[in-house]
Amino acid sequence: KLYNVIIIDPHWLAKLMSTLITSKMNFVANGVLERKNLTFLWKAPDFPESLHGTLLDILERFEIMYRIPADSDQPHGTSAIPGADERYLMMCLVNDKRPPLEFPRPGVERPQS
């Protein structure tokens with residue numbers, strides 16, 4: 001997906017990351033960011049909404065954040081907007097308590113509830 005992305009200004013990339021890490025609002029609770037909150041953090045002209053998917057891909061590629069599987073134990077709402085319910089884990093913002101998330105392990109089947 002990112003083969004056609006070229007970042008000319010590294011300061012822009014640093015600004016992208018700092019918007020998440022230094023947010024004064026509580027959009028990243030216990031290291032978990034809901035995609036629907038990106039519109040409050042990433043605003044045009046620097047971060048137009050049309051680029052949000054690509055920006056998330058960049059941050060995932062460089063392991064700044066990890067997509068949380070939709071079937072994790074943490075409940076979340078449903079939205080008519082595709083992808084709006086996606087959530088991401090940012091390890092650098094997780095506090096001392098382990099977040100209540102369950103990530104699938106390769107080769108281990110999850111017990112049925």
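Reply: Let us begin with a definition: two strands pair if DSSP finds at least two bridges between them. Please keep in mind that this is a predicted model. In the model, Tyr-66 has Leu-89 in S4 as its bridge partner.

Me: How do you know that S3 and S4 pair?

Reply: S3 and strand S4 (residues 87-89) are joined over two bridges in the antiparallel sense, and since at least two bridges are required, the two strands count as paired.

Me: What makes S1 and S3 the edges of the sheet?

Reply: The four strands form an open sheet in the order S1-S2-S4-S3, with antiparallel pairing. Strand S1 (28-29) and strand S3 (66-67) each have a single partner strand, so one side of each is left without a neighbour in the sheet. Along the sequence, the pattern of the protein reads α-β-β-α-α-β-β, with three helices and four strands.

Me: Why does Phe-47 count as buried, while Trp-12 counts as partly exposed?

Reply: Buried means under 20% relative accessible area, and exposed means over 50%. Phe-47 has 2% relative accessibility and therefore counts as buried, whereas Trp-12, at 22%, lies in between and so counts as partly exposed.

Me: What makes Trp-12, Trp-42 and Phe-47 a cluster?

Reply: Trp-42 and Phe-47 form a tilted aromatic pair as well, at 6.4 Å centre to centre and 45° between the planes, and ring pairs link Trp-12, Trp-42 and Phe-47 into a cluster. Trp-42 has a relative accessible area of 1%, so this residue is buried.

Me: How do you know that the charged end of Arg-61 sits over the ring of Phe-62?

Reply: The charged end of Arg-61 is 5.9 Å from the centre of the Phe-62 ring, and the distance has to be within 6 Å, with a position within 35 degrees of the ring normal as a further condition. Arg-61 is therefore described as sitting over the ring of Phe-62.

Terms used
Residues are numbered from 1 along each chain as its sequence is written. This is a predicted model: local features need pLDDT of at least 70, side-chain atom pairs count only at pLDDT 80 or more; totals for chains, interfaces and linings use all residues. Side-chain values use heavy atoms; hydrogens and water are left out. Buried means under 20% relative accessible area, exposed over 50%, partly exposed in between (1.4 Å probe, protein chains only). Rings of Phe, Tyr and Trp (its six-membered ring) pair if their centres lie within 6.5 Å; planes under 30 degrees apart count as stacked, over 60 as edge-to-face and the rest as tilted.
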